[in-house]
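User: I am new to this structure and would like to learn how to read some of its features. Could you take me through them in turn?

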Amino acid sequence: MTDRLKLYLDLIRWNRPAGWLLLLWPTLSALWVAADGFPGWHLVVVFTLGTILMRSAGCCVNDVADREFDKHVKRTAQRPVTSGRLGVKEALGLGVALALLAFVLVLSTNRATVTWSFAALAVTLVYPYAKRFVSMPQAVLGVAFSFGIPMAFAAVQSEVPLLAWALLLGNLFWVLAYDTEYAMVDRDDDLKIGMKTSAITLGQWDVLAIAGFYAAFLILWALLLDAPVRGAWLWAGLAGAAAQAMWHVWLIKDRSREGCFKAFRLNHWLGLSVFAGVALSYT
């Protein structure tokens, strides 16, 4: 493997799949709900690969946008663009190439999905800069990380019903939970450089707020998916997610960097639990 390829893989966080898994599970859940069961391998493959590609493209944009800030944060100081090992134009070029590949995949679906893909791209580009102006930029990330939901409905039903937007709202609370945990890791550094994050905005209420975000996500999805009708499998998936959420709150209660980062990293298992419950409830 060449040194340049290693830098590219480091830039897109190839060795840290938790990022794209956090995007994937709610997207696949939405596909199953929209299709009232298995949506077919074509859409599963398109949305899985598209999720990986767009998350990778997002990393390129984010690292270019934050390169001056990241120099002052312990966790991010050695990222390829921040450390100068990879140029800005090269990183953006890679991001554009990955986004175009994702768009090629979208072209194999329908007009509605193609149309909504432009809105998804716009949110992806806006998020890195929201941290300069918005006190809760994690809410912007929540929209970006949840946009696979309306796109999944568009791909299956050629429209985006109210249910899709309601599920997006519910999922946004989950993103607020895990990305606030992530922000708690860097809170000291972010305060020094003037970065805005939910961890800073929430202050002493951060842990309680995260518990509330988890609860809002799971309650909203249980109501929207009509859990009493869907049956035991969905309840089991949601219960497994709730148990993990409580564990995560326990991990972050002391606000240690290690505990907060561990809770963030493990959130993709919570998403998998919800997806498994949704998918199995249609069997």
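This is a predicted model: local features need pLDDT of at least 70, side-chain atom pairs count only at pLDDT 80 or more; totals for chains, interfaces and linings use all residues.

User: Is helix 2 enclosed or open, and how many of its residues are buried?

Analyst: A residue counts as buried under 20% relative accessible area. In helix 2 that holds for 17 of the 18 residues, so the helix is largely enclosed by the rest of the structure. Just after helix 2 comes Asp 36, with a positive phi of about 60°.

User: How many salt bridges are there?

Analyst: To count one, look for a side-chain nitrogen of Lys or Arg within 4 Å of a carboxyl oxygen of Asp or Glu. The count comes to eight salt bridges. In one of them, Arg 187 pairs with Asp 206, with 2.7 Å between the closest N and O atoms. This pair links distant parts of the chain, since Arg 187 is in helix 10 (residues 187-193) and Asp 206 is in helix 12 (residues 206-224), 19 residues apart. Both Arg 187 and Asp 206 are buried.

User: Which parts does the salt bridge between Arg 255 and Asp 206 tie together?

Analyst: Start with the contact: the closest N and O atoms of Arg 255 and Asp 206 are 2.8 Å apart. Arg 255 sits in the loop between helix 14 (232-252) and helix 15 (257-265), while Asp 206 belongs to helix 12, so the pair joins parts that are 49 residues apart in sequence. As for accessibility, Arg 255 is partly exposed because its relative accessible area is 35%. Asp 206 has a relative accessible area of 0%, so it is buried.

User: What about Lys 253 and Asp 254: how far apart are their closest N and O atoms?

Analyst: Those atoms are 3.2 Å apart, and the two residues form a salt bridge. Lys 253 has a relative accessible area of 38%, so it is partly exposed. Asp 254, at 59%, is exposed. Salt bridges can also share partners, as in the network that joins Asp 10, Arg 16 and Arg 85.

User: How many aromatic pairs does a search of the whole structure find?

Analyst: The search finds 16 aromatic pairs. Planes over 60 degrees apart count as edge-to-face. The rings of Trp 174 and Tyr 178 have planes at 85° and centres 5.0 Å apart, so this pair is edge-to-face. Both residues lie in helix 9 (residues 162-185), four residues apart, which is about one turn of the helix. Trp 174 and Tyr 178 are both buried.

User: Phe 261 and Phe 264 also form a pair; what angle lies between their planes?

Analyst: The angle is 25°, with 6.3 Å from centre to centre, and the pair is stacked. Phe 261 and Phe 264 are three residues apart in helix 15, so about one helical turn separates them. Phe 261 counts as partly exposed because its relative accessibility is 28%, whereas Phe 264, at 12%, counts as buried.

User: Which residues form the aromatic cluster?

Analyst: The cluster consists of Trp 174, Tyr 178, Tyr 182, Phe 217, Trp 221, Phe 261 and Phe 264.

User: Which residue lies over the face of Tyr 282?

Analyst: That residue is Arg 230, at 3.9 Å from the ring centre.

Conventions. Residues are numbered from 1 along each chain as its sequence is written. Side-chain values use heavy atoms; hydrogens and water are left out. Helices (H or I, at least four residues) and strands (E, at least two) are DSSP runs, numbered from the N terminus. Buried means under 20% relative accessible area, exposed over 50%, partly exposed in between (1.4 Å probe, protein chains only). Rings of Phe, Tyr and Trp (its six-membered ring) pair if their centres lie within 6.5 Å; planes under 30 degrees apart count as stacked, over 60 as edge-to-face and the rest as tilted. A charge sits over a ring if NZ of Lys or CZ of Arg is within 6 Å of the ring centre and within 35 degrees of the ring normal.
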